[in-house]
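The sequence and the structure come first, and the notes follow by topic.

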Amino acid sequence: MKNYEKELLPLLGEVEKPARYTGGEFNTPDMNKPDAFNFCICFPDVYEIGMSNLGISILYQILNSMPDMVCERCFAPWTDMERKLRENNLPLFSVERKIALKDFDAVGFSVQYEMLYSNILYMLDLAKIPFYAKDRGEEYPILIAGGPCTVNPEPFKKFFDIVEVGEGEYMLPELLEEIKRGKERGLSKTEILENCKKIEGIYVPSLHVKGEKVKKAMVRDFENAPDATRPLVPNIEIVHDRACLELYLGCGSGCRFCQAGFYNRGIRERSVSKLLKTATETIENTGFDEMSLSSLSTGDYSHIKELVEKLKIVADEKRIKLSLPSLRLSSFDGALAMNSRKSSLTFAPEAGSERLRDVINKNVTEEEILSALKEAFADGYTSVKLYFMLGLPTETDDDIRGIGVLAEKIRRTYFEIAHNKKLNVSVSCSVFIPKPVTPFQWCAQISMEEMERKQQLLRDTFKGMKGVSLSWHDATTSAVEGIFARGDERLNEVIEEAYLSGAKFDGWSECFNFDVWINALKKKGYTIGDFNKEFKENDELPWDVIDPCVDKSYLWREHEKGMRAERTRNCREGCNLCGIQKTTKCTICGGRK
Amino acid sequence: MITLKYEKKYPFVYVSHIDVLRGMVRIIRRTGFIPEFSKGFNPHMLLFFSPPLAVGVASECEYVTADISGVDEKEFLEAFNKSCPAGVRATASYVTEKNPNLAGNIAASDYLFPVKDPARTAEIVSFFEKCDKYTIEFTQKKEIVEKEVRGQIKAVKPVNGGITFTLATGNDNLRADRLLAGLKKDFGIETETTDILKIAQYVAEGGGYTNADEYLKRG
């Protein structure tokens, strides 16, 4: 395998942030194991974003701890490096040993969000690897997709030999061992894929038989599952530049718009003692001066107070800062939100009216919101970030105006308590995308015209409101994200067409070009409306190939309850029998009714 | 206080000064020896650095001072080297009573510019012996700037395989990579920024320069 370091060196002085491409981070494992199986994990965005991903960090450590496995990384090179690679006719290569992607035994892509799809082809193009699995012979590595977007793999499935569905901690090592065994035995790619297909969570699009379901892989014992206590320490600043402590998998809140909440069920918690051990080791092994507690709803962790109290002792001793990034309003506790600077709190009421919050099952009342914030303001906070969505099912204009009403009430609450300091309320509104494996998966996404009308209504509502800043997601990106979240296999060719017409780094506003996508759809004979439409109860959904282990009938019941603005209790108050209890036991109740 | 002299080489050579500051805090934390922190509202580790080095230029003489006491400096150096990413290695340690303030006191540095052709070396050295003005061009904040820098070139010496330039460093500073761009343009040398090696730093004292190592040895 050729090492491209010599070719890379002259390019480094000519690109921004050259350390993106050099490697050499602290905690880099031994990359020179003899006769190892070589796997490259790719993240189709820049280094700073890919390195912030906890999942990649965990998988990287797991794989490199295997005696005969080497796992390297590759990130999407920024456009300046792309130019240099093309000018010098160099293939895309890995960060660690600078080996061309096409020389690996297998290459995995972490597909974290829909706007990365064009960058998969961007990386394959730079790697000189054919886009479609059917066009790749035995000489090419086996290409694997994993990550949250595999909940609906149809839009990109033709680019991959294998799609991993579900959690990868055990599935990926097992899969790579199977590929390794197959290669050692001299099996053909098809024979290897046939064997891989037997592994739980593995979807092989080329061998898939209509009607078959791919059951998602799950980590059943999270307490003893491998974690990342020795992550790479980046040499340049990355987006989430801190240690990360994952308290539990899954979420019991049941917010009906939330894909992560339904797809990642059930709740699997780690014990306080395990978390303290992980936290201490991670801090010592990395030197990070900040640790964030991460889970879908951190404040709902069963032992959050005990954990935070004990972590505070560790944090004081090690002189590090703790941060809680994800708080449900109902779980806010001033003592927990221990940001020493008391600068900003972030909450996500998601909808402006109580009725609509009931529709989406965001079980929080206006009274609770104001009382939580009152406590925060009394505690010294002067800045609040609030997240909302526009275009939720059953939403009316009054619900949108309700966002402004709530912001105004928050302002008034603040000034009842603090008179001297300036308050900053930052309201951010995204556009709702009905995601697969949620109770709203049958709903249509609102049209772009409607998005723009609602955004204008929102701007009018906030006009003249002092101390409140409003931001919103661009309608065009929301529309493209929507079609890829909900689309089917027809989109593979659309992605290819868009990439060949210039689409890349679509998650970056300065790179995203809506016209390229519209033209690609048009050229293939489609419109946005073909993909963001409403489905009927009994329609076959594009992602029905996946068994998320949450019953479709349960999702429909939740859908119907949502339409009636009826709430469902948090799983922590009692099992709602969503179906996940048939596969794994939630550590909080073990499936008790 | 303990000052460590360290090398900054590939791949760490591509890490900017601001990221070096952040990275050094992490290296020191990983040693298990925790220096003093500032007493302000937002306490930070008390580390003091020699002047910044341009991205891409390698060095075997960078310095970082930690406000730490009760620690054996050799033990600290060993722990430091076990905690470093690729391209960073401490080569000496010094105990000083107070902060040597190298950021403020360093006035010049030696940079080795490899030049393959001895005739070209002689031409460049001879040029600088005779000229009293030398103007370079570089881009700053997206604008092309012209600057007369002869006064910031303190000495030019031929050495085996290249030239050593002693350049003003610190408050009055000439970046080696910017000088190199001028030399490439005017003399056609094939040296790249990443070929340059910083080999010594000096503190201005008594009308002359004292090597930073000697300065630190005095404690």
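This is a predicted model: local features need pLDDT of at least 70, side-chain atom pairs count only at pLDDT 80 or more; totals for chains, interfaces and linings use all residues.

Residues are numbered from 1 along each chain as its sequence is written, chains are lettered from A and ligands numbered from 1 in the order in which they are written, and side-chain values use heavy atoms, with hydrogens and water left out.

**Nonpolar cores**

- A nonpolar core is a set of buried Ala, Val, Leu, Ile, Met, Phe, Trp, Tyr and Cys residues joined through side-chain atoms within 4.5 Å; buried means under 20% relative accessible area, exposed over 50%, and partly exposed in between (1.4 Å probe, protein chains only).
- The largest nonpolar core has 183 residues, and those touching the most other members are Phe39(A), Phe109(A), Ile162(A), Leu176(A), Ile179(A), Met24(B) and Phe80(B).
- Helix α5 of chain A (residues 117-127) gives this core its largest share, eight residues; helices (H or I, at least four residues) and strands (E, at least two) are DSSP runs, numbered from the N terminus.
- Another core, of 29 residues, lies apart from it and includes Ala376(A), Leu423(A), Val427(A) and Phe462(A).

**Glu96(A)**

- Glu96(A) sits in the loop between α4 (79-87) and β3 (106-110) of chain A.
- Glu96(A) counts as buried because its relative accessibility is 13%.
- Its side chain is joined to that of Tyr60(A) by a polar contact of 2.6 Å, and to that of Arg73(A) by a polar contact of 2.6 Å.
- A polar contact is a pair of N or O atoms within 3.5 Å; within protein, one must be able to donate a hydrogen and the other to accept it, and residues adjacent in sequence count only if both atoms are side-chain atoms.

**Domains of chain B**

- Chain B is assigned domain 1 (2-100) and domain 2 (106-206), with bounds from an automatic or database domain assignment.
- The contact takes 15 residues from domain 1 of chain B and 14 residues from domain 2 of chain B.
- The side chains of Lys198(B) and Glu62(B) meet in a salt bridge at 3.3 Å, N to O; the term covers a side-chain nitrogen of Lys or Arg within 4 Å of a carboxyl oxygen of Asp or Glu.

Key:
Contact means heavy atoms within 4.5 Å.
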